[in-house]
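Please look through the structure below with a set of careful questions in mind.

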Amino acid sequence: MPKLKTKSGAKKRFVLTGSGKIKRKHAYKSHILTKKETKQKRNLTQTGLVSQVDTKSVLRQLAIK
């Protein structure tokens, strides 16, 4: 069976942590920032984790497991 290719969009967006969780960035932080509150923009800057429901899908896109 041939090797699986990694989805290029997924490899740009997700990072695997040492404990096996998947880090991601928040959405809504790229443009139209003038109408968003400073607090909202500050909170969107922090990284988050992919939920357990979506972990299997992201790992498949990253060609892991």
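What follows is a series of questions and answers that set values against definitions.

Q: How do you know which residues and atoms the values refer to?
A: This is a predicted model, in which local features need pLDDT of at least 70 and side-chain atom pairs count only at pLDDT 80 or more, while totals for chains, interfaces and linings use all residues. Residues are numbered from 1 along each chain as its sequence is written, and side-chain values use heavy atoms, with hydrogens and water left out.

Q: Why is Thr55 called buried?
A: Buried means under 20% relative accessible area, exposed means over 50%, and partly exposed lies in between, as found with a 1.4 Å probe on protein chains only. Thr55, in helix α3, has a relative accessible area of 15%, and therefore counts as buried. Helices such as this one are DSSP runs of H or I with at least four residues, strands are runs of E with at least two, and both are numbered from the N terminus.

Q: What does Thr55 touch, not counting residues up to four places away in sequence?
A: With contact meaning heavy atoms within 4.5 Å, Thr55 touches Ile22 and Val50.

Q: What makes the approach of the Thr55 side chain to the backbone oxygen of Ser51 a polar contact?
A: A polar contact is a pair of N or O atoms within 3.5 Å; within protein, one must be able to donate a hydrogen and the other to accept it, and residues adjacent in sequence count only if both atoms are side-chain atoms. The side chain of Thr55 reaches the backbone oxygen of Ser51 at 2.8 Å, so the distance falls within that limit.

Q: Which residues form the largest nonpolar core?
A: A nonpolar core is a set of buried Ala, Val, Leu, Ile, Met, Phe, Trp, Tyr and Cys residues joined through side-chain atoms within 4.5 Å. The largest one here has 7 residues, namely Ala10, Phe14, Ile22, Val50, Val58, Leu59 and Leu62. Leaving out residues up to four places away in sequence, Ala10 touches Gln61 and Leu62.

Q: Why do β2 and β3 count as paired?
A: Two strands pair if DSSP finds at least two bridges between them. In β3, Gly48 is the bridge partner of Arg24.

Q: Why is Tyr28 called exposed?
A: Tyr28 has 64% relative accessibility, and therefore counts as exposed. The place of Tyr28 is in the loop between β2 and α2, and its phi is positive, about 65°, although Tyr28 is not a glycine.

Q: What makes His26 partly exposed?
A: His26 has a relative accessible area of 30%, which is neither under the buried limit nor over the exposed one, so His26 counts as partly exposed. The side chain of His26 reaches the backbone oxygen of Gln46 at 2.7 Å. His26 lies in the loop between β2 and α2.

Q: How far apart in space are Thr6 and Leu62, C-alpha to C-alpha?
A: Thr6 and Leu62 are 4.9 Å apart in space and 56 residues apart in sequence. The side chain of Thr6 also reaches the backbone oxygen of Leu62 at 3.4 Å. Thr6 is in the segment before α1 and is partly exposed, with a relative accessible area of 35%.
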